[in-house]
Amino acid sequence: MQLTIRGHHLAITPAIEEKIKYHFEKLTKHLDQVSSIQVYLGKDHRLNTLSHKGEGNHNAEVIVRLPGKELFAQASADDMYHAIYMMTEKMRRQLERYKTMKKAA
């Protein structure tokens, strides 16, 4: 499994990298068919007109490639760690659905 992490307007710190690796090792532990995972993290610098600060401006996206299938999840939050958590939870649900469909076939 190949894991690629890229940042847009954001430096990828070792803490963020370890958090992502931890979550995806946990998710793909029982799924050997994952060929690659691409994670894109970004920070949007738009301002909210009411509070004059960015809300939901940390974005996290992931593409998981499986044989014949590609899964995608994205999340936005005020904090990057929370955005990563929400993104991995969405991907966890998709991978569970994929496993049950694979068993049924």
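Which residue of β2 stands opposite Q2? I looked this up first, and S36 is the residue that faces Q2. I note at the outset that the model I am reading is predicted.

**Entry: strands β1 and β2**

I traced β1 over residues 2-8 and β2 over residues 36-43. The two strands pair in the parallel sense, and I recorded 7 bridges between them. I then followed the chain from β1 to β2 and found that it passes through helix α1, residues 14-27. This β-α-β crossover is left-handed.

**Entry: the sheet as a whole**

I next asked in what order the strands lie. The sheet is open, has 4 strands, and runs in the order β1-β2-β3-β4 with mixed pairing. β1 and β4 (69-77) each have a single partner strand, so each stands at an edge with one side left without a neighbour in the sheet. On average, and with direction ignored, neighbouring strands are turned by 10° against each other.

**Entry: strands β2 and β3**

I placed β3 at residues 58-66 and found that β2 pairs with β3 in the antiparallel sense, over 8 bridges. For individual partners I looked up two residues of this pair. Y40 has E61 of β3 as its bridge partner, and Q38 stands opposite I63 in β3.

**Entry: strands β3 and β4**

The pairing of β3 with β4 is also given as antiparallel, with 9 bridges. I noted A60 opposite A75 of β4 and N59 opposite S76 of β4. The hairpin that joins these strands leaves 2 residues between them, and within this hairpin G68 takes a positive phi near 75°.

**Entry: helix against helix**

I then turned to α1 and α2, the latter formed by residues 80-104. Their axes come within 10 Å and cross at roughly 15°. I recorded the crossing of the two helices as right-handed.

Which residues make the contact? From α1 I listed A15, I16, K19, I20, H23, F24 and L27. From α2 I listed M80, Y81, I84, Y85, M87, T88, M91, R92 and L95.

Note on methods: Residues numbered from 1 in each chain as written. Predicted model: local features only at pLDDT ≥ 70, side-chain atom pairs only at ≥ 80, totals over all residues. Heavy atoms only, no water. Pairing = 2+ DSSP bridges. Right-handed = clockwise from strand over helix to strand, strands pointing away. Axes fitted to C-alpha atoms, helices over the stretch in contact; angles between N-to-C directions. Left-handed = near helix turned anticlockwise from the far one by under 90°. Contact = heavy atoms within 4.5 Å.
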